[in-house]
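Hi everyone, thanks for making time this morning. Please have the viewer open, and we can walk through this one together.

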Amino acid sequence: MAENFEPRIIAFLCKWCSSAGSDLAGVSRMQYPPNVIPITVMCSGSISPLYIFDAFNKGADGVLVSGCHPGDCHYIKGNYYARRRIALVKKLLEFIGLEPERFQMSWVSAAEGTKYTQIISDFVDALIPLGPQTKLRRNL
Amino acid sequence: MKKKTGVFVCHCGINIAGTVDVKKVAEELAKHPGVDLSEDYVYMCSDPGQNMVIEAIKEKKLDNVVVACCSPTLHETTFRNAAKAAGINNFQCEIANIREQCSWVHKDMSKATLKATKITKSAVEKVRQNESLEPISIPVTRRALVIGGGIAGIQAALDIANTGYEVILVERNPSVGGHMIQLSETFPTLDCSQCILSPKMVEVSKHPKIKLMTYSEVQEISGYVGNFKAKILQKPSYVDPDKCTLCDECTKVCPVVMTDEFDLGLTGRKAIYIPFPQAIPATYTLDIRGCPGLVPIACGKCADVCEPEAIDYDMKAEIIEEEVGSIIVATGYDLYEKENLSEYGYGKYADVLDGLQFERLLSASGPTQGKILRPSDHKEPKEVVFIQCAGSRDPELHCAYCSKICCMYTAKHAMLYKHHVHDGQAYIFYIDIRSGGKGYEEFVQRTVEEDGVVYLRGKVSKIFEDKGKIKVWGVDTLLGKNIEIDADMVVLATAMRPSEGASELAKKLKIAMDKDGFLAEAHPKLRPVESVTSGLFLAGAAQAPKDIPEAVAQASGAAAKAITILSQERLFHSPTVAKVTLNLCTGCGMCVDVCPYDALSLKDGKVEVNEVLCEGCGTCQATCLRAAINVKNTTPSQVHEMIRASLGG
Ligand SMILES: Cc1cc2nc3c(=O)[nH]c(=O)nc-3n(C[C@H](O)[C@H](O)[C@H](O)COP(=O)(O)OP(=O)(O)OC[C@H]3O[C@@H](n4cnc5c(N)ncnc54)[C@H](O)[C@@H]3O)c2cc1C
Ligand code: SF4
Ligand code: SF4
Ligand code: FES
């Protein structure tokens with residue numbers, strides 16, 4: 001089963017850093033697995049925990065939240081709020097029994113196309129052995 | 001009424017079509033609920049491509065469109081303008097990025113096609129819930145505030161004033177001039193610093209469009225681009241500048257001697273003083289920190305001798321409020337604190353000086369009238385050791401960054417020293433010589449060839465005083481040899497730091513600082529004079545270590561940026577701001593606390609958005625437990641539908 005399992009990942013990217021960084025990966029023609037669908041938001045600070053739960057409810061096998069490096073947020077401190085909020089969400093998801101590998105947070109700047117590529121590749125590698133996410137999935 | 005959506009999939013030549021089956025994407029989208037029309041075309045951004053969108057909107061009476069193409073950073077504006085030309089609102093157009101996010105990063109055609117389809121469906125879901133919005137228009141107060149009266153602030157103020165706009169220039173010291181007025185001669189041309197700066201200082205004080213406020217500090221800034229309000233504290237100088245005739249009688253009778261800041265502690269001054277003869281404004285200041293009391297019983301000597309009765313002990317601090325449209329911050333630098341460099345004997349031995357103190361020794365108006373004499377015994381030093389990178393480029397113990405100008409001013413110091421003391425010898429310890437700048441490398445070469453300065457590559461390991469000499473032990477890493485010099489004087493090229501109080505000011509202004517405490521520019525390459533807060537610009541050494549030509553260039557750049565605001569009658573602000581659903585809001589105030597722009601406030605138990613301050617970051621949206629506050633056109637309901645589409649139903 002694990003062999004042809006294609007994990008589905010939702011990546012919430014802030015517009016100013018991580019989305020720009022992932023665009024740079026494209027401009028530089030770096031290659032990463034096509035399992036990720038990006039959703040660009042203004043700032044990592046605007047990502048509500050509900051988005052993350054919703055993505056898992058709707059069947060995502062992994063969720064990534066990525067913003068500017070601490071101190072570099074376009075809106076000064078949005079990513080500090082995000083960091084705190086995400087830490088809580090991570091604990092909660094683990095408490096519920098979701099494998100911790102399924103939910104990741106990263107800092108990717110507009111210049112870090114390589115880093116984004118690596119994060120997605122590693123994420124997919126980590127998800128394949130876990131198989132489909134069923135814990136939070138609702139039959140829609 | 002059901003909304004009609006049009007989808008346009010771009011081939012981008014083979015950039016997209018090479019990896020994504022664009023026809024298939026268009027076919028899949030045609031089946032998506034709500035999509036009335038779905039087409040593909042070889043270059044959507046070309047004129048025929050844009051016309052295709054415009055005609056389709058008109059003919060099919062589309063309510064909104066999605067263009068699946070390259071990154072929105074490239075053509076979002078193009079297609080939004082096309083949508084507008086077709087008679088629908090700009091925000092009724094969204095971009096699905098299937099190039100940078102898909103065709104360029106994948107090779108497998110069927111997988112890339114599936115992904116492109118999902119990305120496009122997600123954009124369709126978003127656009128279908130977009131509100132039509134018009135930019136928010138705000139009037140502009142057409143005056144500027146410049147904070148800091150060094151060369152950068154002076155240049156910026158003059159540039160703006162000469163364009164015809166009023167400027168308020170705030171300097172916290174009694175005189176403008178900053179550090180440049182303390183310098184002797186300036187590399188690489190060796191112009192006399194005071195001679196080239198003082199005419200500009202005079203111009204600032206006489207300019208009809210400039211209101212100069214010295215001995216003043218900005219206490220509070222509120223408002224937003226185009227409409228800032230500044231509260232400025234003017235400290236009392238206890239001397240009426242209009243009456244003071246500069247007779248200097250007061251300093252003769254003042255019994256209190258204090259450290260002279262202008263000469264960096266190499267001399268003293270009285271409690272009532274003029275910082276230096278060319279000070280602007282040309283007047284005396286009574287330094288309350290030294291004065292025994294502002295009543296004739298406590299002392300009163302200065303008032304007794306002041307014939308024009310310029311001294312007024314009853315003068316009070318004043319808070320002055322000003323309204324401005326843009327602000328330039330030019331608060332400059334200070335040198336790395338003495339306490340941090342005790343390993344070099346700095347602050348411990350009288351003859352270990354910093355670069356600015358050495359400038360004062362070199363200056364004709366300095367404490368020694370331009371003679372190079374040791375502070376300890378007033379003898380002429382015959383061997384002088386200059387140490388570069390004192391506190392710079394040392395991430396473990398001091399500052400990690402390069403202070404950039406020290407290589408050049410140390411070369412200048414060694415050269416000028418030789419011009420003063422012909423039989424003296426100058427040694428320079430260095431890590432690297434960084435002399436990138438017009439005429440800079442040639443200048444450094446001159447010090448070696450004409451002035452016989454000895455450059456020693458290496459670090460100093462020990463400095464101590466011994467029988468009237470300062471022993472400097474080090475290693476020449478090029479020759480692999482130990483070096484011992486019995487120096488008469490040591491001059492440290494200490495690191496440049498953001499000026500004292502810069503971080504408090506940055507907080508008041510809500511501008512970011514970099515990891516070293518310098519004010520952060522909005523983009524390191526493309527927006528070097530802007531701060532992240534719109535309407536606030538940066539100039540000079542406040543942003544990073546800089547020499548005079550760079551400080552001046554940046555100041556003129558900042559002035560030009562400020563003028564782009566002042567020259568408009570109205571400004572336009574993005575309308576994708578937060579919006580409150582009043583019946584859901586409980587007035588808990590959680591969002592008010594997290595908003596980075598203070599755009600929210602509570603009124604009658606509900607939260608209210610100042611649409612001009614709101615930058616639409618969405619931090620409030622993620623904080624509200626009741627989904628009562630949402631940024632227009634990125635609402636949770638939109639995001640949830642995007643998630644559904646992205647996961648393929
Ligand atoms: C030893 C030495 C030698 C140098 N020699 C040369 C040279 O030969 N050639 C050359 O090109 N450069 C030289 N420089 C560099 C030069 O000094 C700087 O480039 C220049 O002074 C930068 O100008 P500025 O206006 O940015 O900052 P500053 O000169 O530091 O001026 C900043 C001003 O802002 C004021 N200020 C600070 N905070 C506030 C506040 N909160 N409110 C109000 N006002 C405030 C300060 O009082 C000051 O007047 C030398 C520097 C040193 C240390
Ligand atoms: S957090 Fe929500 S409920 Fe609380 S004040 Fe803000 S909008 Fe109202
Ligand atoms: S969107 Fe950002 S700036 Fe606007 S009110 Fe919310 S937190 Fe403040
Ligand atoms: S804008 Fe990137 S994290 Fe805030």
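This is a predicted model: local features need pLDDT of at least 70, side-chain atom pairs count only at pLDDT 80 or more; totals for chains, interfaces and linings use all residues.

Residues are numbered from 1 along each chain as its sequence is written, chains are lettered from A and ligands numbered from 1 in the order in which they are written, and side-chain values use heavy atoms, with hydrogens and water left out.

Let's begin with chain B as a whole. It has 17 helices and 34 strands; these are DSSP runs numbered from the N terminus, with helices being H or I of at least four residues and strands being E of at least two. Along the principal axes, the C-alpha atoms of chain B fill a box of roughly 95 × 65 × 45 Å. Of the 649 residues in chain B, 56% are buried, meaning under 20% relative accessible area, with exposed being over 50% and partly exposed in between (1.4 Å probe, protein chains only). If you take the contacts in chain B with a separation of 6 or more, 70% come from residues 24 or more positions apart; contact here means heavy atoms within 4.5 Å.

Now to the inside. A nonpolar core is a set of buried Ala, Val, Leu, Ile, Met, Phe, Trp, Tyr and Cys residues joined through side-chain atoms within 4.5 Å. The largest one has 64 residues, and those touching the most other members are B:I160, B:M201, B:I210, B:I328, B:L600 and B:I629. Elements giving two or more residues to this core include helix 6 (151–163), helix 7 (193–206) and helix 14 (548–566) of chain B. A further core lies apart from it, with 43 residues, among them A:I37 and B:C12.

Which residues does B:I160 contact, beyond its neighbours within four places in sequence? Among them are B:A144, B:V167, B:I328, B:A559 and B:L566. That last one, B:L566, lies in helix 14 of chain B and is buried, with a relative accessible area of 0%. B:L566 also contacts B:V140, B:Y165 and B:G325, among others.

Next, ligand 1. There are 35 residues around it, and B:E171, B:H179, B:Y333, B:K412 and B:K546 come nearest; a residue is near if one of its heavy atoms lies within 4 Å. A polar side-chain atom of B:E171 sits 2.6 Å from an oxygen atom of ligand 1, and one of B:Y333 sits 2.7 Å from an oxygen atom of the ligand. The protein covers 97% of the 1000 Å² of accessible area that ligand 1 has on its own, using the Shrake-Rupley method with a 1.4 Å probe; for residues, only the protein chains shown count as cover. Helix 10 of chain B gives the largest share of this shell, 3 residues.

Ligand 3 has 13 residues around it, with B:C595, B:C614, B:C617, B:G618 and B:C620 closest.

One last stop: is B:K632 buried or exposed? At 12% relative accessibility, this lysine counts as buried. B:K632 is in the loop between strand 34 (629–631) and helix 17 (636–646) of chain B, and its contacts include B:E131, B:P575 and B:E611.

Definitions and conventions
A polar contact is a pair of N or O atoms within 3.5 Å; within protein, one must be able to donate a hydrogen and the other to accept it, and residues adjacent in sequence count only if both atoms are side-chain atoms.
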